Amino acid sequence: MTATQQASRTGLWLMTIGIAIYTFIPTVVDILTPTHIFHPDWTAHARFHTMWAILSASAVGMLALWMLWRGPRAGLVGIHVAGAISSCVLGAFLLAAATMPFYGGALSDANGVPPLAGGMDANLLTFGAALLMILVGWRLTVRSASA
């Protein structure tokens with residue numbers, strides 16, 4: 001395998017891991033634990049919107065994975081679509097986090113996921129890392145295709 005092929009494969013796998021993070025982790029955590037959908041203090045309407053958001057992000061993530069791995073027919077188009085829609089999903093999360101003071105939002109609740117050691121929010125760390133993996137992987141894959 002040439003260095004260019006290795007860079008392309010590394011890029012694809014970095015993107016895959018980043019996409020998988022936002023596609024599967026929130027779905028499992030938010031549905032199977034009492035921190036979101038079954039949070040005792042949440043209203044029924046808040047639960048509905050959370051389920052909608054979770055399923056929407058997961059559906060977009062599955063589409064991104066399909067576009068990324070659908071083979072040579074897709075070429076760079078599939079890679080660009082996967083990178084762009086994934087950046088939109090994770091960028092929206094980061095924008096929602098950055099604008100919390102405007103709408104009274106919070107990254108966690110009582111009975112929710114506690115901050116990590118040092119006070120860092122697990123969602124910010126995880127989704128920030130996922131976005132970084134997607135962007136680096138996207139760049140590696142595109143650069144190796146044009147080499």
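Which residues are buried in α3? In this helix the buried positions are G78, I79, A82, G83, S86, S87, L90 and A97, where buried means under 20% relative accessible area, exposed means over 50%, and partly exposed lies in between (1.4 Å probe, protein chains only). The structure is a predicted model, in which local features need pLDDT of at least 70 and side-chain atom pairs count only at pLDDT 80 or more, while totals for chains, interfaces and linings use all residues. Residues are numbered from 1 along each chain as its sequence is written, and side-chain values use heavy atoms, with hydrogens and water left out.

The protein chain contains five helices and zero strands, and its pattern along the sequence is α-α-α-α-α. Helices (H or I, at least four residues) and strands (E, at least two) are DSSP runs, numbered from the N terminus. The C-alpha trace spans about 55 × 30 × 25 Å along its principal axes. Of the 147 residues in the protein chain, 31% are buried. Among contacts with a separation of 6 or more, 70% are between residues 24 or more positions apart; a contact means heavy atoms within 4.5 Å.

The accessible surface of the protein chain is about 8500 Å², and carbon and sulfur atoms make up 73% of this surface. Accessible areas come from the Shrake-Rupley method with a 1.4 Å probe, and for residues only the protein chains shown count as cover. The protein chain carries 6 positive and 4 negative side chains, and the centres of the two sets are 30 Å apart. Lys and Arg count as positive and Asp and Glu as negative, whereas His and the chain ends are not counted. The place of a charge is taken as NZ of Lys, CZ of Arg, CG of Asp or CD of Glu.

The largest nonpolar core is made up of 18 residues, and those with the most contacts inside it are M15, I19, Y22, L68, A82 and L90. The elements that give two or more residues to this core are α1 (3-32), α2 (44-69), α3 (75-98) and α5 (122-145). The largest share, six residues, comes from α5. A nonpolar core is a set of buried Ala, Val, Leu, Ile, Met, Phe, Trp, Tyr and Cys residues joined through side-chain atoms within 4.5 Å. Not counting residues up to four places away in sequence, I19 touches G61, A64, L65, L68, A82, S86 and I134.

The helices can be described in turn. An α-helix has 3.6 residues a turn, so residues three or four places apart point the same way. In α2, the 26 residues reach 38 Å from the first C-alpha to the last, close to the 38 Å expected at 1.5 Å a residue. The expected span of a helix is 1.5 Å times one less than its number of residues. The buried residues of α2 are T50, I54, A57, S58, G61, A64, L65, M67 and L68, and their cover includes α1 and α3. A46 also lies in α2, but this residue counts as partly exposed because its relative accessible area is 29%.

With 24 residues, α3 reaches 35 Å from its first C-alpha to its last, close to the expected 34 Å. The cover of its buried residues includes α1, α2, α4 (100-103) and α5. In α5, the end C-alpha atoms are 34 Å apart, which agrees with the 34 Å that its 24 residues should span. The buried residues of α5 include F127, A130, L131, I134, G137 and W138, and the buried residues of this helix pack against α1 and α3.

Several other positions are not buried. T10 lies in α1 and is partly exposed because its relative accessible area is 32%. The C-alpha atoms of T10 and G137 are separated by 6.9 Å, although these residues are 127 residues apart along the chain. L116 is placed in the loop between α4 and α5 and counts as partly exposed because its relative accessibility is 37%. Leaving aside neighbours within four places in sequence, L116 is in contact with A122 and L125. M1 is in the segment before α1 and is exposed because its relative accessible area is 67%. With neighbours within four places in sequence left aside, M1 is in contact with Q6 and R9. The C-alpha atoms of M1 and A64, 63 residues apart along the chain, are separated by 26 Å.
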